[in-house]
Amino acid sequence: MRLNHRSPTLTRDDWRHIRKGIELYNSGAFWESHEAWEVVWRRYPDDWRLFLQGLIQMAAGYHQLRRRIFHGTVKHLENARRKIAGFPDGFLGINGAELIRGIDDTLARVKKAGKNGLDAVPEDSFPKIRMTISGENHGKPLDR
């Protein structure tokens, strides 16, 4: 089910943490990216933060995959997929549809490899996050 959320009004500091999380995630620092996003996630009670929770769970899933923990990888990536898919593509300027395809690809590889074959899932197959907008202008993100 797709949630009907409009982009929230975020501070410049919030956008800085979101961009930093993306930079860390894309460089393979999954645990650190989770911490950057969590700063913003904790500040807001609104439902839209489920999208950030999806990014956090995605990072946790790839962290678990790197550690070769089958159950943790599958659990986190499936939860992340559900949350990210609940928002329109481009929410917070992030390529959600592309992330979902990447998560689906990873889950298929992980399930095919099985618990003892996770070494066969190459890190260069992990999806990257592309951000098309960032910043804040009276509640509306700016093109970069």
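# Exercises on a predicted protein model

The protein has five helices and two strands. Helices (H or I, at least four residues) and strands (E, at least two) are DSSP runs, numbered from the N terminus. This is a predicted model, in which local features need pLDDT of at least 70, side-chain atom pairs count only at pLDDT 80 or more, and totals for chains, interfaces and linings use all residues. Residues are numbered from 1 along each chain as its sequence is written, and side-chain values use heavy atoms, with hydrogens and water left out.

## Exercise 1: Confidence

Find where confidence is lowest and where it is highest in the protein.

*Solution.* 
- Start with the scale: pLDDT is the predictor's confidence in each residue, from 0 to 100.
- Take the average next. The mean pLDDT is 89, and 88% of the residues reach 70 or more.
- Now go element by element. Strand E2 (residues 140-143) is lowest, at a mean of 42. Helix H4 (residues 70-85) is highest, at 98.
- Residues 136-144 have a pLDDT below 50. Beyond near neighbours in sequence, this stretch has 20 contacts in the model. A contact means heavy atoms within 4.5 Å.

## Exercise 2: A pair of rings

Classify the pair formed by the rings of Phe51 and Phe91.

*Solution.* 
- Recall the rule. Rings of Phe, Tyr and Trp (its six-membered ring) pair if their centres lie within 6.5 Å; planes under 30 degrees apart count as stacked, over 60 as edge-to-face and the rest as tilted.
- Apply it. The centres of Phe51 and Phe91 are 5.2 Å apart and the planes stand at 65°, so this pair is edge-to-face.
- Place the residues. Phe51 sits in helix H3 (residues 49-66) and Phe91 in the loop between H4 and helix H5 (96-113), so the pair ties together parts 40 residues apart in sequence.
- Check burial. Phe51 and Phe91 are both buried. Buried means under 20% relative accessible area, exposed over 50%, partly exposed in between (1.4 Å probe, protein chains only).
- Widen the view. The whole structure has ten aromatic pairs. Tyr25, Phe30, Trp37, Tyr62 and Phe126 form one aromatic cluster.

## Exercise 3: Buried or exposed?

Decide whether His34 is buried or exposed, and name the residues that His34 touches.

*Solution.* 
- Locate His34: helix H2 (residues 30-43).
- Read its relative accessible area. The value is 11%, so His34 is buried.
- List its contacts. Leaving out residues up to four places away in sequence, His34 touches Ile56 and Ala59.
- Compare with the whole chain. Of the 144 residues, 50% count as buried.

## Exercise 4: Salt bridges

Work out which helices are joined by the Asp14 and Arg43 pair, and where Arg16 and Asp13 lie.

*Solution.* 
- Begin with the idea. Side chains of opposite charge can pair when their charged atoms come close.
- A salt bridge is a side-chain nitrogen of Lys or Arg within 4 Å of a carboxyl oxygen of Asp or Glu. The structure holds ten salt bridges.
- Asp14 is in helix H1 and Arg43 in helix H2, so the pair ties together parts 29 residues apart in sequence.
- Compare accessibility. Asp14 is buried at 1%, whereas Arg43 is partly exposed at 48%.
- Turn to Arg16 and Asp13. Their closest N and O atoms are 2.5 Å apart, in a salt bridge. Both residues lie in helix H1 (residues 12-26), three residues apart, about one turn of the helix.
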